[in-house]
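Dear colleague,

Please find below the structure that I am handing over to you. A summary of the findings follows it.

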Amino acid sequence: GRVCGDADNNGRITVADGVNVLRAAAKLAGACPDPAPCDVDGNGAVTVTDGVNVLRPVAGLPVTFRCFDSTD
């Protein structure tokens, strides 16, 4: 499975992933081709909150990911 929060599927969570999740929240095409790892709070929708939460571990802040169909 995919890593929760890893929007570009490169195996790690980076600022680029947070940007892609924010782009997906804005309904921009191609930002999260597979929405499962982008919906990090598991509420069924990719939102700005998901984008902010993806950026939290990049900044060293705690976050709990709850993606469905993921490895994290």
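Which side chains meet in a salt bridge? They are those of Arg2 and Asp34, with an N to O distance of 3.4 Å. This pair links distant parts of the chain, since Arg2 belongs to the segment before α1 and Asp34 to the loop between α1 and α2 (48-58), 32 residues apart. Please note that the model is a predicted one. The count of salt bridges comes to one. As for the two partners, Arg2 is buried because its relative accessible area, 16%, is under the 20% cut-off. Asp34, at 29%, is partly exposed.

Helix α1

This helix spans residues 15-25. Its buried residues are Asp17, Gly18, Asn20, Val21, Ala24 and Ala25. Viewed down the axis of α1, these residues fall within an arc of 160°, so they line one face of the helix. The background is that an α-helix has 3.6 residues a turn, so residues three or four places apart point the same way. The buried residues of α1 pack against α2. After α1 comes Lys27, which has a positive phi, near 65°.

Asp17

Residues up to four places away in sequence not being counted, Leu22 touches Val48, Gly51, Val52 and Leu55. Between Leu22 and Gly11 the C-alpha to C-alpha distance is 19 Å, with eleven residues separating them in sequence.

Val19, likewise found in helix α1, has a relative accessible area of 40% and is therefore partly exposed. Together with Val15 and Val58, Val19 makes a nonpolar surface patch of about 220 Å².

Yours sincerely

Key: Residues numbered from 1 in each chain as written. Predicted model: local features only at pLDDT ≥ 70, side-chain atom pairs only at ≥ 80, totals over all residues. Heavy atoms only, no water. Helix = DSSP H or I, 4+ residues; strand = E, 2+ residues; numbered from the N terminus. Contact = heavy atoms within 4.5 Å. Patch = residues over 30% accessible without salt bridge, like charges linked within 9 Å, V, L, I, M, F, W, Y side chains within 5 Å. Areas by Shrake-Rupley, 256 points an atom, 1.4 Å probe, with all protein chains shown as cover. Salt bridge = Lys/Arg side-chain N within 4 Å of Asp/Glu carboxyl O. Buried < 20%, exposed > 50% of the residue type's maximum accessible area, 1.4 Å probe, protein only. Arc of directions from axis to C-beta.
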